[in-house]
Amino acid sequence: MNRPAVRPPSSTSAGPPAPPSVPGPGRAAGLPPAHSAIICVALPGLVISTDQGQLTGRGLEGFYRAGRRVLARCQVRVAGREPIAVQARATAADRARFVAALRVSPGAGPDPDVTVERTRHADGAERITVHSAVPRPLRLPVEVALGTDLADLGAIASGRAVPELPATVHDSGLRWSCATGSVSVTADPPPADALASAGLLRWEFELPPGGTATIDLRVRLDGAGSVRAVGRAATSPLASARATGDHPAVQPLLRTSIDDLQALLLRDPAHPADTHLAAGAPWRCGLAPADALVAARMTLPLGTRLAAGTLRTLARTQLRDRTAQYGMIPGPRRDAGSHLPAGCTGTEATLLFPTLLAEARRWGLTRQETEELLPAAELCLGWLRATVVGGTYLCDPQPGGPARCETQAHAHRAAVLGADLLDAFGRPGGAELREWARRLRVAFREEFWLEDPSGGRPAAARAPDGRLVPQLGAAAVHLLDTGLLGGGEQAPGLLDRVQTEQLARLLGSPAMDSGWGLRGLGAKEHGYNPFGHRTGAVRVHETAVAVAGLAAAGYEKEAGSLLRGLLAAAEPFGYRLPEMYAGEQRTDGSVPLPHPAACRPAATAAAAGVHLLATLAGIRPDAPAGTVTLRPVSSVPLGEIGLTGLRVAGAPFSVRVSRLGLAMVEEAAEELQLGV
């Protein structure tokens, strides 16, 4: 969970407008709990409900549009009473179903004879269906009480009281207005009576035995038009891939991951062809550059269109003032726990930009699109060269911050893949980047490694005075994420073979592997907190990075254990994984503990589901060379697995890995050859 902070002043006018997010660097403190809410998303629409089904206006409850609560209350009464909630569940990322019941017949029997079903959509629609099981004709009064405050999500999250607005009767419903806008709710069929002072709509239904009555409500923010979710359009940038296999989690994990990703898609209003992912709901429904790049990179198996749209969107935010930040992708500060100062996500985003462009090219991004984005990537690489000039390590924040382990990994990967990209297009600078990456490797292996009797460990960071920060955390997994070069080869990493083996052993130890995934900080480290979002909680995308990195380096036992733990955690979350959950040790019969402030759905967590399954097949494309290499996880930790509907080189791609660990391409572009 990244904590938003004020962006650099030069970035405030760049890029697409984002919906309001929770203000202040300490958003985890005092937030209303979201872990038990039913959150439906189809951005820019969002609806948050409890398992009772009624929207009472308390806490976060309500329909939202672009970060504003457009309807806070929607309470149904049948025959003068609230029905009893009996079931609530999300049926997709953008909708939920609530069922309640009550008894209206006279007599002392306990059995309900009227059922109320409510289907609620993130786009602002709700259908209320009343079904009678009474064996005689029934006159049934139904009331819906409505209200809103048109408050921003940030104000609601911070606990600031915002009074409800007075309603007026409008069309076949009610309308509310304030200085910042107006919203209306219309009903079909129109109510028999509408009371503005009470915010009440009334119907009187005559139901035959076994009869049904339906009310359709529609919430509209005046002047905003209807919600048209990007992910539900025919032009969605994500392929509708499918998974089959021996493990029961494979199919629902991929289906739900793609469903969540579709729900979080946003379109740049000034450039509607470009889409990117919001970071997560409910707190971060806008563009977070680093998260958007991480998720786009993990979803490259679903095609390169999301990567291209994300890169173009962020290129328009790139800082062009001739300062020390020239060429950076701006981003907010992010808390790093108790051992390090807050870091800058803009540093990570700037280093991820050329990495994503280079790997998207391998997956099939066209030469023309790559060339159009190359100048922005060159500016990112130019910023890297200028920032480390005369030195070895990249500090974060600049200037004078510590040299973080993961920042060196991001910078090294950007330099190696960026040099390869520059060479491919005849641009200068590749040799200089490779030489700096070589010097960084030599220095890192000597100066970032803490020796101890157990074999040592990488330091979390190197302070400006040369002191090493010794804590072992999940940030070290980025040392294994070295990047993809041509011919299906992994780029070299910062660690040597012996150090890589030791890191794999540490990541697979009980101190790091909780049984539900990788802890953010080792359980034996000072400051460990199983709920700490940087000090012990399991962050889903970091576990996925660890699985992929360990598998690529040949440490399949450790990779398989983390993978199975994450899939075990996915089931009680309905395969809609949150961005993080508690790092409590897994025991027999236990379930993972949700984090009350985690986003769910979250872009990086949903993208991790795609990344994990693609890792099992070991897909390593090189579209410019017309080849794809398969390096499946030979220990087949989930048994046989099949993936269909992926995209490689702009064409459908399907692959199957047998129980013997052998991979077979079942569908691919005609010109694509299988690499060795």
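What covers the buried residues of helix α4 (305-315) includes the strands β19 (265-268) and β20 (271-277) and the helices α3 (289-298), α5 (345-363) and α6 (367-388). Cover of this kind is counted by contact, meaning heavy atoms within 4.5 Å. The structure is a predicted model, in which local features need pLDDT of at least 70, side-chain atom pairs count only at pLDDT 80 or more, and totals for chains, interfaces and linings use all residues. Residues are numbered from 1 along each chain as its sequence is written, and side-chain values use heavy atoms, with hydrogens and water left out.

**The chain as a whole**

- The protein chain has 12 helices and 35 strands; helices (H or I, at least four residues) and strands (E, at least two) are DSSP runs, numbered from the N terminus.
- The radius of gyration of the protein chain is 26 Å, which agrees with the value near 26 Å for a compact globule of 676 residues. This radius is taken over C-alpha atoms, and the globule rule is 2.2 Å times the number of residues to the power 0.38.
- Along the principal axes, the C-alpha atoms of the protein chain fill a box of roughly 80 × 55 × 55 Å.
- Of the 676 residues in the protein chain, 60% are buried; buried means under 20% relative accessible area, exposed over 50%, and partly exposed in between (1.4 Å probe, protein chains only).
- Among the contacts of the protein chain with a separation of 6 or more, 64% are between residues 24 or more positions apart.
- The protein chain exposes about 25,600 Å², and carbon and sulfur atoms supply 52% of this area. Accessible areas come from the Shrake-Rupley method with a 1.4 Å probe, and for residues only the protein chains shown count as cover.
- There are 69 positive and 64 negative side chains, and the centres of the two sets lie 2 Å apart. Lys and Arg count as positive and Asp and Glu as negative, while His and the chain ends are not counted; the place of a charge is taken as NZ of Lys, CZ of Arg, CG of Asp or CD of Glu.

**Helix α4**

- Nine of the 11 residues of helix α4 are buried, so the helix is mostly covered.
- The buried residues of α4 are Leu-306, Ala-307, Ala-308, Gly-309, Thr-310, Leu-311, Thr-313, Leu-314 and Ala-315.

**Strand β4 and its partners**

- From strand β4 (62-65), Gly-62 and Tyr-64 point one way and Phe-63 and Arg-65 the other way, and all are buried. In a regular strand the side chains alternate between the two faces of the sheet.
- Strand β2 (45-49) pairs with β4 in the antiparallel sense over four bridges; two strands pair if DSSP finds at least two bridges between them. Ile-48 has Gly-62 in β4 as its bridge partner.
- Strand β5 (68-71) runs antiparallel to β4 and is joined to it by three bridges. Phe-63 is bridged to Leu-71 in β5, and Tyr-64 stands opposite Arg-69 in β5.
- The hairpin of β4 and β5 has two residues between the strands, and Ala-66 in the turn has a positive phi of about 50 degrees.

**Two open sheets of three strands**

- Strand β31 (627-630) pairs with β35 in the parallel sense over two bridges, and Thr-627 stands opposite Gln-673 in β35.
- Another open sheet has the order β23-β26-β27, with antiparallel pairing. Its edge strands, β23 (403-404) and β27 (468-469), each pair on one side only.
- Strand β26 (461-462) is joined to β27 by two bridges; the bridge partner of Arg-462 is Leu-468 in β27.

**Two buried strand residues**

- Val-116 is found in strand β9 (114-121) and is buried, with a relative accessible area of 2%. Leaving aside neighbours within four places in sequence, the contacts of Val-116 include Val-78, Phe-98, Leu-102 and Ile-128.
- Ser-654 lies in strand β33 (651-657) and is buried, with a relative accessible area of 4%. Not counting residues up to four places away in sequence, Ser-654 touches residues including Leu-643, Thr-644, Met-664 and Val-665.
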